[in-house]
Structures are given as C-alpha cells and as structure tokens.
Amino acid sequence: MLTCLPPQNTAALLSMPLTPILLLLPSMGWLCSWPWRVTFLRLMLLLNKEKWQRNKYVGVSLLGKKLAIMGFGKVGSEVARRAKGLGMNVMAHDPYAPLDRARAIGVKLVSFEEAISTADFISLHMPLTPTTSKMFNNDSFSKMKKGIRIINVARGGVIDEAALVSALDSQIVAQAALDVFMEEPPPKDSKLVLHENVIVTPHLGASTTEAQEGVALEVAEAVLRALNGELSSTVVNAPMLSAEVLSELEPFVALSEKLGRLAVQLVAGGSDMKLVKLTYGSARNPNDLDTRVLRAMVIKGLIEPISSVSVNLINYNFIAKQRGLIIAEERIILNGSPENPIEFIQLQIANVESNFASSISDSGEITVEGKLKDGKPHLTKVGSFEVDVSLEGCIILCKQVDQPGLIGKVGSILGQEKVNVNFMTVGRIAPRRQAVMIIGVDEDPSKEVLKKIGEISAIEEFVFLKL
C-alpha cells in the first residue's frame with residue numbers, strides 16, 4: 001500500500017513561513033528556536049567580539065504590515081490565521097481558492113499584480129507547475145515595493161534565483177528567507193545562499209519531532225485500516241474497479257481528464273468552482289454503466305492543473321469534498337448499440353465566470369463536450385458552438401466574425417513567429433456570422449504573438465489552452 005503525506009506534516013509546514021518572518025525582523029529573531037537561530041547566533045558572535053552594532057540590527061514591526069500569501073491551500077490558509085494573530089493585514093492570491101474559506105478567515109483574495117505591488121511581506125505556498133515556474137522574475141520584482149521581504153518554503157522553481165539576487169542587490173527585496181531551491185543542495189558558491197540579506201535552511205519543511213511522530217502514527221493507522229478492509233484517504237494505489245470495466249472504459253479515461261483540463265482553464269481566475277455536472281450519452285441501461293472511473297478522471301483534470309494534489313481512483317471523492325466541489329451526474333439513454341458504452345460526455349461548470357465568454361452555453365454554464373473518434377479524444381462542442389477538434393497539445397480558441405481572410409491573418413502571425421500550426425478548424429452558427437476558430441499549435445506562442453492575434457478587429461475574444 002502506498003500513501004501520500006499525512007496531515008500531521010501540515011502543522012510543521014505551516015510554522016515555517018512565520019518563523020522566517022520573525023527572523024527577518026532582527027529585533028525579534030531571538031524568539032525563534034533551532035534551526036532558525038542563526039541570526040541570534042550571529043549577534044552573539046558579534047557581541048563576543050565586542051562589537052555593539054545596535055544601529056545595524058534595527059527591526060521593523062509586523063503590526064499593520066501587509067502580508068501576501070501566494071497559494072491559499074491548506075498550509076497557506078493556516079499561515080494566514082497565525083499571521084492575523086500577529087496583527088498583520090493578510091491578503092492572498094490563488095485563482096482557484098474558495099471565496100468562502102477566505103472570507104471565513106478574514107482574508108481578501110486579490111490579483112497577482114495587486115498582491116506583489118502592495119505587500120510588505122510575501123510568503124509562497126504555490127505548487128511548481130508550468131504556470132508558476134519562475135513566476136517571480138525580473139518583471140515581478142520590478143513591480144514590488146522597495147524593501148519587501150520574501151519567504152519561500154514552497155518550491156524552489158517558482159523564483160528565478162538570478163532575478164532574486166539582482167533584486168536583493170538593488171534593495172528592492174530587503175531580505176529573503178528560503179527553505180527550497182531550484183537545485184538542492186545549492187552550489188557552495190551560490191550568490192543567493194551567500195548573500196548577506198538571505199536566510200537559508202536545507203529544505204527542512206516538516207522536520208520537527210512532533211511531525212515525525214505524528215506521521216509515524218498516521219501511517220500505522222492507515223495500515224491497520226487497510227488490513228481491516230477499510231480505505232484510507234491517503235491511499236493512492238488500491239483498485240476500485242474490475243479489470244473488465246477498466247478495460248472497456250480505458251479509451252474514455254483520457255477523454256474525461258482532457259475535458260476537465262480544458263474546462264478548468266476556461267474558468268476566470270477568482271471564480272469559486274463549486275458545481276460541476278457530467279452528462280453521459282449512452283445506449284446502455286444506466287445500471288450497466290459504471291462511470292466512477294470517468295468521474296475520477298474529470299475531477300483529476302479539474303483539480304491537478306491548479307494545485308499540487310495528486311488525484312486518483314481512491315481519493316477523488318475525498319479531494320472533491322475537501323474542496324467543496326459537488327459533482328452531479330446524468331445519463332441520457334440514446335438509441336443505438338449498447339456495445340459502445342458511451343457516445344459522448346458533456347461537462348458543465350455552473351455559477352462561474354469564464355475567461356472565454358463563448359464557452360458559456362445558453363443555459364449559463366461553461367460547457368464542453370467530447371467523444372471518441374477513431375479511438376482518440378475529440379472536442380465536439382464549446383458553449384453553443386459545434387466543433388470537431390482533437391484534444392491534443394496546445395490550442396488557441398478564438399471567437400470571431402466569420403469573414404474571408406481571417407484564417408490567413410492568424411496563420412501569418414503565427415508563422416512569422418515560427419509557431420507551427422498543426423490544425424485549424426472553424427465552428428460557426430451561420431455564414432458571415434459569429435464563429436469559433438480553433439488552432440492547434442506545436443509551440444507555446446509568446447505573449448506578443450497572442451496580443452497580435454487579439455488585435456485583429458474581427459476577433460472578439462481568445463484564450464490559449466494547454467491540454
């Protein structure tokens with residue numbers, strides 16, 4: 001039996017960001033215990049050398065300071081609770097954090113730009129994904145208040161370390177406390193590690209006596225539950241469906257996950273995703289169609305791109321419940337052969353805003369629909385527009401006015417920037433009216449390329465999606 005990290009680690013992890021916050025204030029650093037007492041020991045060594053440098057170690061007060069928590073998950077939200085107890089004004093940036101949880105703690109959810117431009121302290125708790133990789137770079141640092149302090153106990157790759165060194169040298173960043181690095185262990189001659197305004201620890205995260213004991217107990221309890229035939233929320237490799245069912249539904253597994261990944265990217269940042277409806281079109285009797293694996297894959301597609309959580313056939317319901325996500329399912333009985341288990345799968349997300357308004361159907365939900373074509377996942381509907389697109393790689397969705405020459409204009413912009421187009425298709429309501437153009441690309445287009453596409457007068461809106 002394999003299990004993921006038990007909840008006991010959270011208690012140790014959430015204390016990590018607050019300790020360096022105190023250490024970044026030299027007047028309070030002596031309150032912290034090992035391994036964070038390096039600042040206190042440094043002061044002791046100075047005193048032993050008869051150096052009385054009061055002016056050099058002047059601190060700042062936490063009271064009334066603005067703390068931006070980047071990533072408002074389990075650890076980030078608990079850090080917020082404790083920071084508010086220190087009198088800090090706490091805000092958070094997480095495009096997918098539940099609004100009700102933030103309100104309950106008294107935390108304001110803000111945009112990335114507002115968070116970095118107004119904060120006095122930034123504490124990072126986001127997963128390392130293609131979106132968050134080097135999110136804190138030269139451009140980000142240039143928008144921050146001079147004298148900001150940064151704490152990273154999440155993942156090293158979210159910070160461009162060379163950019164952080166430059167920001168420290170220019171005093172945009174006054175101090176940084178780091179427990180994680182792009183390369184671990186970092187090189188001995190690392191300018192970042194050796195910088196006088198940086199506090200570092202060797203990825204100690206949950207390294208407390210209490211956390212280690214708690215993890216051992218929870219692992220033992222999980223083993224006992226498994227031996228008693230019970231399931232644990234941390235189990236990741238126990239089977240749920242028969243081999244026959246899994247074999248039959250295997251071609252639809254990729255379709256379900258890709259529909260989830262597509263749909264979640266259409267949700268506008270800050271929208272609180274709570275209600276998802278899945279509709280299966282099938283010629284089979286509903287009692288003969290076990291869709292649990294497809295439900296699990298949709299949840300996987302919805303959640304994994306926006307978090308560090310790994311979703312599987314065991315924990316999918318637990319993860320959905322933990323995030324307040326309600327999944328409703330409906331089966332539509334079709335005429336046809338029951339040999340094919342499913343004709344189509346439709347996914348709808350209700351009560352959210354979309355960054356691509358055309359994905360909202362007449363009933364008001366973000367709607368995507370797909371089916372298998374030659375054994376491969378295909379997108380057949382976006383909003384109210386009928387399309388036919390292979391769900392592979394990266395695509396650009398454009399809502400446009402249907403007119404001659406538009407496909408050529410977009411193709412020329414992509415070609416000039418060496419972005420290869422592998423397919424292009426248009427779904428329209430009627431000739432010379434509104435249409436949705438879908439472009440498959442082999443490379444990620446730059447922001448400048450996407451901006452040029454958006455500036456074409458006939459294109460009303462567009463979005464770039466990774467599948």
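Ala102 is located in helix H4, where helices (H or I, at least four residues) and strands (E, at least two) are DSSP runs numbered from the N terminus. The structure is a predicted model, in which local features need pLDDT of at least 70 and side-chain atom pairs count only at pLDDT 80 or more, whereas totals for chains, interfaces and linings use all residues. Residues are numbered from 1 along each chain as its sequence is written, and side-chain values use heavy atoms, with hydrogens and water left out. The protein chain contains 14 helices and 17 strands.

**The chain as a whole**

- Of the 467 residues in the protein chain, 48% count as buried; buried means under 20% relative accessible area, exposed over 50% and partly exposed in between (1.4 Å probe, protein chains only).
- Among contacts (heavy atoms within 4.5 Å) in the protein chain with a separation of 6 or more, 68% are between residues 24 or more positions apart.

- Leaving aside neighbours within four places in sequence, Ala102 is in contact with Phe72, Val107 and Leu109.
- Met91 lies 11 residues from Ala102 in sequence, and the C-alpha atoms of Met91 and Ala102 are 9.0 Å apart in space.
- Asp100 also belongs to helix H4, which spans residues 99-105.
- The relative accessibility of Asp100 is 43%, so Asp100 counts as partly exposed.
- Once neighbours within four places in sequence are set aside, Asp100 is in contact with Asp272 and Lys274.
- Asp100 and Asp272 are separated by 172 residues in sequence and by 8.5 Å in space, C-alpha to C-alpha.

**The pair H13 and H14**

- Helix H13 (residues 406-416) packs against helix H14 (residues 447-454) at an angle of about 165 degrees, with the axes 10 Å apart.
- H13 is therefore roughly antiparallel to H14, a term applied to angles over 145 degrees.
- Axes are lines fitted to C-alpha atoms, for helices over the stretch in contact, and angles run from 0 to 180 degrees between N-to-C directions.
- The crossing of H13 and H14 is right-handed, meaning that the near helix is turned clockwise from the far one by less than a right angle.
- On the H13 side, Val410, Ile413 and Leu414 meet Val449, Lys452 and Ile453 of H14.
- The residues of this contact comprise five nonpolar, no polar and one charged.

**Backbone features in loops**

- Most residues other than glycine have a negative phi, and most peptide bonds are trans.
- The peptide bond from Glu184 to Pro185 is cis, with omega near -5 degrees.
- Pro185 lies in the loop that joins strand E6 (173-178) and helix H8 (191-194).
- Lys134, a residue other than glycine, has a positive phi near 50 degrees.
- The loop between strand E4 (121-124) and helix H6 (138-142) holds Lys134, and a relative accessible area of 37% makes Lys134 partly exposed.
- Asn351 is not a glycine either, yet its phi is positive, at about 60 degrees.
- Asn351 sits in the loop between strand E10 (344-350) and strand E11 (366-373); with 70% relative accessibility, Asn351 counts as exposed.

Notes: Parallel < 35°, antiparallel > 145°, perpendicular 65-115°, else oblique. Nonpolar A, V, L, I, M, F, W, Y, C, P; charged D, E, K, R; others polar.
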